[in-house]
Amino acid sequence: MVTLDGLTVSYRRHPALHHISGHFAPGSLTAVVGPNGSGKSTLLKSVMGLLPFSGGRVAVSAPRARMAYLPQLAEIDRGFPIDVRDCVLLGCWPAEGAWGGVRGDRLARVDAALHAVGLEGFERRPIGSLSSGQLQRMLFARLLVQDAELILLDEPFNAMDSKTTSALLAMIRQWHQRRRTVIAVLHDDAQVRQHFPRTLLLAREVVAWGPTAQVMTEANLARARRMAEAWDEDADICQVDQPQPQLPLWQKVAA
């Protein structure tokens, strides 16, 4: 579903991701873990085409309309004047476009998604009135409506209560059973070991990538911490083979 080939992404001309290579298979369920500042969120944004590359490439087999991205809650503008139902309706945007009408079956899917996440009765509440857990449930409902092939989740359980976390984990398992490809940035090691069959351990470079039991070893986790601590933000600028900003292959085709 996603292939990374020497992906390098830089901020202020210093690498946040350094020569990342590997692939996420169709239908796989993968956790992305690593110390703070190890490039986890940068990886998801690079796959979505939200950041330019310093080098390498990303190839995504899913069309752009079949990709879904859930950013961290801190990046959501909760003051935006929109209610819960209309926000979930935005999940129809990739299929309908800016000027497409929303058919009755789409509206029925929105109502079903809100019911699935336990937000029936919240349809006309402004999103700014929701708790963090309710807001995350609403965003998962939008993902349900979008029904994407590739789903990228950035810290989906951060600051969530255990009940909300359990409900959202159950939804992710359903996506996995339906052969959706899910990539999630996570911090809870126990959660990763229990629910995610595959793991990518990052420290700006790949430390380990494969079956979770083989990746989440004490030796690998200690190595990731050492690598993260060893990065020198004042080091010489990284030189890469392709210094010009690159776009994901699906974006090149669209252009």
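Is Phe24 buried or exposed? With a relative accessibility of 1%, Phe24 counts as buried (under 20% relative accessible area, whereas exposed means over 50% and partly exposed lies in between, with a 1.4 Å probe and protein chains only). The structure is a predicted model, in which local features need pLDDT of at least 70 and side-chain atom pairs count only at pLDDT 80 or more, while totals for chains, interfaces and linings use all residues. Residues are numbered from 1 along each chain as its sequence is written, and side-chain values use heavy atoms, with hydrogens and water left out.

**Aromatic pairs**

- There are two aromatic pairs, a pair being rings of Phe, Tyr or Trp (its six-membered ring) with centres within 6.5 Å; planes under 30 degrees apart are stacked, over 60 edge-to-face, and the rest tilted.
- The ring planes of Phe24 and Trp209 meet at 50° with centres 4.8 Å apart, so this pair is tilted.
- Phe24 belongs to strand 2 (residues 14-24) and Trp209 to strand 9 (residues 206-211), 185 residues apart; strands (E, at least two residues) and helices (H or I, at least four) are DSSP runs numbered from the N terminus.
- Phe140 and Trp175 are stacked, at 5.6 Å centre to centre and 15° between the planes.
- Because Phe140 lies in helix 5 and Trp175 in helix 6 (residues 162-177), their pair ties together parts 35 residues apart in sequence.
- Both partners are buried: Phe140 at 0% relative accessibility, and Trp175 with a relative accessible area of 4%.

- Leu153 is in contact (heavy atoms within 4.5 Å) with residues including Phe140, Ile172 and Trp175, not counting residues up to four places away in sequence.

**Sheet and helices**

- Six strands form an open sheet in the order 5-6-7-3-8-9 with mixed pairing, where paired strands share at least two DSSP bridges.
- Strand 5 (67-70) and strand 9 are the edge strands, each pairing on one side only.
- Strand 8 (residues 198-202) is antiparallel to strand 9 over five bridges, and Leu200 stands opposite Trp209.
- Helix 6 lies across strand 3 (29-33), strand 6 and strand 7 (181-185), at about 155° to strand 6; axes are lines fitted to C-alpha atoms, for helices over the stretch in contact, and angles run from 0 to 180 degrees between N-to-C directions.
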